Amino acid sequence: MTHPGHTVLQVPVPPLEQVVRGRHAHYDPAWVSSDPAFVHAHVTALGPWLPAPGAGDLAAVGTIAASTPAFDVVLAEVATFPNGIIHLVPQPDGPFRELTARLAQAFPQCPPYAGEFEPVPHLTLDLRSDAVTEASTLELLGGVLPARSRVDALDLAWYEADGCRLLHRWSLAGG
């Protein structure tokens, strides 16, 4: 079964790109982007977003990004959601929560995670299975943690098998 493409507003986390891109390549190479500007390692701000955003939608996101201060984040804690998603917990998470809340307020027709999950800032690493645990994921990360990143951009990404790409990037205030 193929899935239609969709947009996501996301915060890139470049220091973890090699690990996350490698997991995509391991599980399903069709989701590895050939676009050098696309960042696989990210914290979702709002997704899925509009299927075909117009100029006014892009301008509204630009206004939110321009009024969101850039900030520093540390990702050091590995955790697992009840559905088995193994992820990193960003600290602080308040700026991510605020960004998601502002975007969701501007686009009420696009609830975070389509209303299926409570929006909790995280960077997805893997899915728990008999062979994949928090411990094995931590081992896979090697010496990457703690990962430190300057959050200074918001990306509009397109996700589709064999077609993942960056559509637009906005700088955050001071970014």
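Me: Which residues lie nearest the centre of the largest pocket?
Reply: This is a predicted model, so local features need pLDDT of at least 70, side-chain atom pairs count only at pLDDT 80 or more, and totals for chains, interfaces and linings use all residues. Residues are numbered from 1 along each chain as its sequence is written, and side-chain values use heavy atoms, with hydrogens and water left out. A pocket is an open set of points on a 1 Å grid over the protein atoms alone, where a 1.4 Å probe fits, with protein on both sides within 12 Å along at least five of seven lines; lining residues have an atom within 4 Å of a point. The largest pocket has 27 lining residues, and those nearest its centre are T44, I85, Y113, H122 and T124.

Me: Which elements give two or more residues to the lining of the largest pocket?
Reply: Helices (H or I, at least four residues) and strands (E, at least two) are DSSP runs, numbered from the N terminus. By that numbering, the elements giving two or more residues to this lining are β1, α1 (17-27), β2 (42-46) and β5 (123-127).

Me: How do the residues of the lining divide into nonpolar, polar and charged?
Reply: Ala, Val, Leu, Ile, Met, Phe, Trp, Tyr, Cys and Pro count as nonpolar; Asp, Glu, Lys and Arg count as charged; the others, Gly among them, count as polar. The lining of the largest pocket then divides into 14 nonpolar, nine polar and four charged.

Me: What volume does the largest pocket have?
Reply: Rolling a probe the size of a water molecule over the atoms shows where empty space is left. Grid points are joined across faces, edges and corners, and the volume is the space filled by probe spheres set on the points. For the largest pocket, that gives about 1000 Å³.

Me: Is R23 buried or exposed?
Reply: R23 sits in helix α1. Buried means under 20% relative accessible area, exposed over 50%, and partly exposed in between (1.4 Å probe, protein chains only). R23 has 16%, so R23 is buried.

Me: Which residues does R23 touch, not counting residues up to four places away in sequence?
Reply: Along α1, the buried residues are E17, V19, V20 and R23. They pack against β5 and α4 (134-141). Contact means heavy atoms within 4.5 Å, and R23 touches L125, D126 and L140.

Me: What is the reach of helix α2 from its first C-alpha to its last?
Reply: Helix α2 spans residues 55-66, twelve residues. The expected span of a helix is 1.5 Å times one less than its number of residues. Here 16 Å is expected, and the reach of α2 is close to that, at 16 Å.

Me: Within what arc do the buried residues of α2 fall?
Reply: The buried residues of α2 are V61, G62, I64 and A65. The arc is taken from the directions from the helix axis to the C-beta atoms. Seen down the axis, the buried residues of α2 line one face of the helix, because they fall within an arc of 165°.

Me: What covers the buried residues of α2?
Reply: On the other side of α2, A55, G56, T63 and A66 are exposed. The cover over its buried residues includes β1 (6-12), α3 (94-106), β7 (153-159) and β8 (165-171).

Me: With which residues is P112 in contact, leaving aside its neighbours within four places in sequence?
Reply: P112 is in the loop between α3 and β5. Its relative accessible area is 15%, so P112 is buried. The contacts of P112 are L46, G47, T100, A104, F117 and P119.

Me: With which residues is V120 in contact, leaving aside its neighbours within four places in sequence?
Reply: V120 lies in the loop between α3 and β5. At 29% relative accessibility, V120 is partly exposed. Its contacts are F81 and R97.

Me: What is omega for the cis peptide bond that joins L145 and P146?
Reply: Most residues other than glycine have a negative phi, and most peptide bonds are trans. The bond from G47 to P48 is cis, with omega near -5°. P146 lies in the loop between α4 and β6 (147-151). For the cis bond joining L145 and P146, omega is about 0°.

Me: What is the phi of D162?
Reply: D162 is in the loop between β7 and β8. At 70% relative accessibility, D162 is exposed. D162 is not a glycine, yet its phi is positive, about 60°.
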